[in-house]
Amino acid sequence: MPLVCPRTITVRKRNGQVLTFQTSLSDQEAHTSLTTLVRNGKLTSSFATDLAGRPYYALSETQLAWVQKIVHDANKPPFAGEQFVSIAAMLTVVNEGGIKNPILRAVHPDCPPLDGKHREEGVICLKWLRNSTKIAILSGDKEMFYGYMDKRGVTDRELPTLILETLQHTNKDLVRSATLYGRKTGACCFCGRELTREDSIGAGYGPICAEKWGLPHPYNMEVN
Ligand SMILES: [Zn+2]
């Protein structure tokens with residue numbers, strides 16, 4: 001039997017997303033594995049069943065790549081999830097305080113200063129939805145979706161290092177993360193508005209958001 005070195009396989013999803021992974025299985029081995037998984041009821045989708053039902057040699061290159069992809073995913077250990085307890089707790093408190101969909105923006109500590117035009121370029125954005133928080137990176141007017149975290153702050157899939165490190169930084173110290181964001185971008189990490197007051201630029205967020213998010217702000221201290 002010929003020795004198969006790990007090789008890289010690429011498949012393209014219907015939405016255009018390209019997925020790349022490595023396999024050590026030959027196409028024939030992958031197809032045998034798929035057939036076994038379907039026969040044992042481990043895979044039940046009509047796509048997997050259909051591919052398993054055809055002889056291996058009758059499959060196209062694209063179909064064989066999908067056979068590899070399905071077997072690859074089926075044999076992957078389940079993802080354990082990272083947990084960001086403080087972020088989730090904060091978003092929950094603010095949501096219960098009456099903000100329907102609180103948003104928290106953060107930047108990586110090594111991120112260069114972002115001027116007005118690029119203010120939201122590469123910013124990590126956490127958006128609270130009904131039952132989970134959406135994790136995205138902002139790019140121009142678009143949001144690139146990366147995953148969800150549940151109400152306990154557990155993420156549902158692997159995240160790129162840039163996002164992971166940013167979330168770890170934010171989770172450790174929300175005030176420091178908010179200040180960092182404000183200073184790098186000149187905007188408030190909660191509402192996204194430009195910071196104009198000198199004390200807000202120093203804090204990294206405005207007095208109204210500070211109040212809503214329960215954070216210290218010099219202006220609020222003077223008033224109270
Ligand atoms: Zn604000």
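A: Two residues are in contact if their C-beta atoms, placed from the backbone, lie within 7 Å. Leaving aside neighbours within four places in sequence, cysteine 188 is in contact under this criterion with Gly182, Arg193, Leu195, Tyr205, Gly206 and Cys209. The model is a predicted one, in which local features need pLDDT of at least 70 and side-chain atom pairs count only at pLDDT 80 or more, while totals for chains, interfaces and linings use all residues. Residues are numbered from 1 along each chain as its sequence is written.

Q: Why is cysteine 188 called buried?
A: A residue is buried if 20 or more other C-beta atoms, placed from the backbone, lie within 10 Å of its own, exposed if 12 or fewer do, and partly exposed in between. Cysteine 188 has 22 other C-beta atoms within 10 Å and is therefore buried. Over the protein chain, buried residues make up 29% of the 224 residues.

Q: Where in the chain is cysteine 188 placed?
A: Cysteine 188 lies in the loop between α6 (174–185) and α7 (198–203). Such helices (H or I, at least four residues) and strands (E, at least two) are DSSP runs, numbered from the N terminus. The protein chain has 9 helices and 6 strands.

Q: What makes the set of residues around Ile87, Leu91 and Cys188 a nonpolar core?
A: A nonpolar core is a set of buried Ala, Val, Leu, Ile, Met, Phe, Trp, Tyr and Cys residues joined through C-beta atoms within 7 Å. The largest such set has 31 residues, and those with the most contacts inside it are Ile87, Leu91, Cys188, Cys189, Phe190 and Tyr205. Two or more residues come from each of α4 (85–96), β3 (103–106), β4 (124–128), α5 (161–172), α6 and α8 (207–213). The largest share, 5 residues, is that of α4. A second, separate core of 13 residues includes Ala30, Val38, Ala52 and Val71.

Q: How do you know that the span of α6 is close to the expected one?
A: The expected span of a helix is 1.5 Å times one less than its number of residues. For α6, with 12 residues, the expectation is 16 Å, and the helix reaches 16 Å from its first C-alpha to its last. Its buried residues, among them Leu174, Ala178 and Tyr181, pack against α4, β3, α5 and α7. Just after α6, glycine 186 takes a positive phi of about 75°.

Q: What makes β4 and β5 a pair?
A: Two strands pair if DSSP finds at least two bridges between them. β4 and β5 (residues 133–139) have 5 bridges, in the antiparallel sense, and tryptophan 128 stands opposite threonine 133 in β5. A hairpin joins the two strands through 4 residues. β3 and β4 also run antiparallel, joined by 4 bridges, and alanine 106 has isoleucine 124 as its bridge partner in β4.

Q: How does the radius of gyration of the protein chain stand against that of a compact globule?
A: The radius of gyration is taken over C-alpha atoms, and the globule rule is 2.2 Å times the number of residues to the power 0.38. For 224 residues a compact globule would come near 17 Å, but the protein chain has 23 Å. Its C-alpha atoms fill a box of roughly 75 × 35 × 25 Å along the principal axes.
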